[in-house]
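Thanks for coming, everyone. I'll keep this short. Please have a look at the sequence and the fold on the screen.

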Amino acid sequence: MKNNILLICLFLSFSGICHAQKVKLKKEVIFIDGKEVLNFDKKSHNNEYVIYELNTKNEIINVVSNVNEGYKKIIFTESKKSLETTLGYWNSSFIKWLIEQDVLSLDGKLNGNKIDSFIEKYDERITSRKLF
């Protein structure tokens, strides 16, 4: 009985801390928790997505889908760093993934320190492994 009460108290204490962000993509705007944070644009027959700072054309992230090979290249434009991965896809889950990894803040700012660890964790180096 005491274990059950302890588990319930533990669950309730973490439920306030673990707040999932509500992310919505609508009319080329990315909303986080109902607030306009970034803009995005679809290009190249929906095989490329570009994320911009809000109300600017200052590109911060470029996601290129290589449909034939089944992977995506994520380019952090300002830092000129990139990774290739088979994980993820373009929708609100991609933005949530960046937030969960602390790469993107809730106000739409990139965390340069976290970009390197994100690349280290998820870069599959697909093109460097290909045999021609």
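I'll go through the core, then the charged residues. One caution before we start: this is a predicted model.

Core first. The largest nonpolar core holds 26 residues. Which of them have the most contacts inside it? Those are Ile-51, Phe-76, Phe-94 and Ile-95. Which element gives the largest share? That is α2, with five residues.

Take Phe-94 as an example. Leaving out residues up to four places away in sequence, Phe-94 touches Ile-51, Val-63, Ile-74 and Tyr-89.

Now the charges. How many salt bridges does a search of the whole structure find? One. The partners are Lys-81 and Asp-116, and their closest N and O atoms are 2.5 Å apart. Lys-81 sits in strand β7 (residues 81-85) and Asp-116 in helix α3, so this pair ties together parts that are 35 residues apart in sequence. Are these two side chains buried or partly exposed? Lys-81 is partly exposed, at 31% relative accessible area. Asp-116 is also partly exposed, at 37%.

Asp-41 lies in strand β3. Asp-41 is buried, yet has no salt bridge. Where is the nearest side chain of opposite charge? That is Lys-43, 4.5 Å away. A salt bridge needs a side-chain nitrogen within 4 Å of a carboxyl oxygen, so Lys-43 does not count as a partner. What does Asp-41 touch, again skipping residues up to four places away? The contacts are Glu-28, Glu-48, Tyr-49, Val-50 and Tyr-52.

The other one is Asp-123, in the loop between α3 and α4 (126-129). Asp-123 is buried and has no salt bridge either. The nearest side chain of opposite charge is Arg-125, at 4.2 Å. What does sit by the Asp-123 side chain? The backbone nitrogen of Glu-84 lies 3.0 Å from one of its polar atoms. With residues up to four places away left out, Asp-123 touches Ser-82, Leu-83, Glu-84 and Phe-118.

To recap the charges: one salt bridge in the whole structure. Over to you for discussion.

Definitions and conventions. Residues are numbered from 1 along each chain as its sequence is written. This is a predicted model: local features need pLDDT of at least 70, side-chain atom pairs count only at pLDDT 80 or more; totals for chains, interfaces and linings use all residues. Side-chain values use heavy atoms; hydrogens and water are left out. A nonpolar core is a set of buried Ala, Val, Leu, Ile, Met, Phe, Trp, Tyr and Cys residues joined through side-chain atoms within 4.5 Å. Buried means under 20% relative accessible area, exposed over 50%, partly exposed in between (1.4 Å probe, protein chains only). Helices (H or I, at least four residues) and strands (E, at least two) are DSSP runs, numbered from the N terminus. Contact means heavy atoms within 4.5 Å. Lys and Arg count as positive and Asp and Glu as negative; His and the chain ends are not counted. A polar contact is a pair of N or O atoms within 3.5 Å; within protein, one must be able to donate a hydrogen and the other to accept it, and residues adjacent in sequence count only if both atoms are side-chain atoms.
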